[in-house]
Amino acid sequence: MTDPLSDTVPDRPAMDAIKHGLRGRCPACGQGRLFARFLKPVSSCRQCGTRIDLHQADDFPAYIVILLLGHILVPLMIEVNAALAIPLGWQAVLWPLLAVILATAMIQPVKGAVIAFQWSRRLAGFR
Ligand SMILES: [Zn+2]
């Protein structure tokens with residue numbers, strides 16, 4: 001049995017869209033830029049015209065980044081402390097600084113992936 005919408009609704013492969021979103025590209029065409037500024041998406045793709053401003057990523061990218069940082073930093077802290085004897089004063093600077101650097105590096109790709117996932121599954125305003 002075929003999906004009655006398959007002839008009228010174009011397919012939106014989620015993994016391709018997420019890959020484009022992670023690279024900061026339009027989830028539809030993969031060519032146009034997804035972000036006008038660091039975390040400010042463009043209103044629509046300059047290449048294909050897909051509206052991007054319909055997303056509702058809200059705080060979800062930040063939650064994902066916090067989850068990932070916890071799973072990266074805590075095991076790293078345990079391993080480093082088991083192998084090296086870094087003074088606590090240095091660690092009080094090292095780990096928060098590393099957390100800020102990693103969070104800054106990860107937030108835009110994660111937000112792009114969230115927007116792309118919403119677009120591919122027709123969530124939020126992408127219906
Ligand atoms: Zn596009």
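Select glutamine 91 and isoleucine 86 to start: a polar atom of the glutamine 91 side chain sits 2.9 Å from the backbone oxygen of isoleucine 86. This is a polar contact, meaning a pair of N or O atoms within 3.5 Å; within protein, one must be able to donate a hydrogen and the other to accept it, and residues adjacent in sequence count only if both atoms are side-chain atoms. You are looking at a predicted model, where local features need pLDDT of at least 70 and side-chain atom pairs count only at pLDDT 80 or more, while totals for chains, interfaces and linings use all residues. Residues are numbered from 1 along each chain as its sequence is written, and side-chain values use heavy atoms, with hydrogens and water left out.

**Stop 1: around glutamine 91**

Glutamine 91 belongs to helix α3. Helices here are DSSP runs (H or I, at least four residues), as are strands (E, at least two), and both are numbered from the N terminus. Is glutamine 91 buried or exposed? Its relative accessible area is 9%, so glutamine 91 is buried. The cut-offs are under 20% relative accessible area for buried, over 50% for exposed and partly exposed in between, with a 1.4 Å probe and protein chains only.

Now show the neighbours. Leaving aside residues up to four places away in sequence, glutamine 91 touches Asn81, Ile86 and Pro96, where contact means heavy atoms within 4.5 Å.

Click on proline 96 next. Proline 96 is in helix α3 as well, and at a relative accessible area of 44% it is partly exposed.

**Stop 2: helix α2**

Select residues 60-83, which make up helix α2. Its 24 residues should span 34 Å at 1.5 Å a residue, and the end C-alpha atoms are 35 Å apart, which agrees. The expected span is 1.5 Å times one less than the number of residues.

Which residues of α2 are buried? Colour Pro61, Val65, Leu69, Leu73 and Val80. Then bring up residues 88-120, helix α3: the buried residues of α2 pack against it.

**Stop 3: the zinc site**

Centre the view on the zinc ion. Its coordinating atoms are the SG atoms of Cys26, Cys29, Cys45 and Cys48, at 2.2 to 2.3 Å. Donors are N, O and S atoms within 2.8 Å of the metal (3.2 Å for Na, K and Ca); water is not among the atoms, so sites may look incomplete.

What is the arrangement of the four donor atoms? They subtend angles of 107 to 114 degrees around the zinc ion, which makes it tetrahedral. Four donors count as tetrahedral if all angles lie between 85 and 135 degrees. For reference, the ideal angle for four tetrahedral donors is 109.5 degrees.

Along the sequence, the donor residues follow the spacing C-x2-C-x15-C-x2-C. Cysteine 26 and cysteine 48 both lie in the loop between α1 (14-22) and α2, so the pair ties together parts that are 22 residues apart in sequence.

Cysteine 26 is buried, at a relative accessible area of 0%. Cysteine 29, at 24%, and cysteine 48, at 39%, each count as partly exposed. If you search for disulfides (cysteine sulfur pairs within 2.5 Å), the structure holds zero.

**Stop 4: threonine 50**

Stay in the loop between α1 and α2 and select threonine 50. At 18% relative accessibility, threonine 50 counts as buried. Beyond residues up to four places away in sequence, threonine 50 touches Cys26, Ala28, Ser44, Cys45 and Trp119.

**Stop 5**

Move to arginine 12, in the segment before α1. Arginine 12 is buried, with a relative accessible area of 17%. Its side chain reaches the backbone oxygen of tryptophan 119 at 2.7 Å. With residues up to four places away in sequence not counted, arginine 12 touches Trp119, Ser120, Arg121, Arg122 and Phe126. Its C-alpha atom is 7.7 Å from that of alanine 28, a residue 16 places away in sequence.

Finish with backbone torsions. Arginine 122, in the segment after α3, has a positive phi near 55 degrees although it is a residue other than glycine. Arginine 122 counts as partly exposed at 25% relative accessibility. Alanine 124, in the segment after α3, has a positive phi of about 50 degrees, and it is not a glycine.

Conventions:
Tetrahedral: all angles 85-135°; square planar, octahedral: opposite > 155°, others 65-115°.
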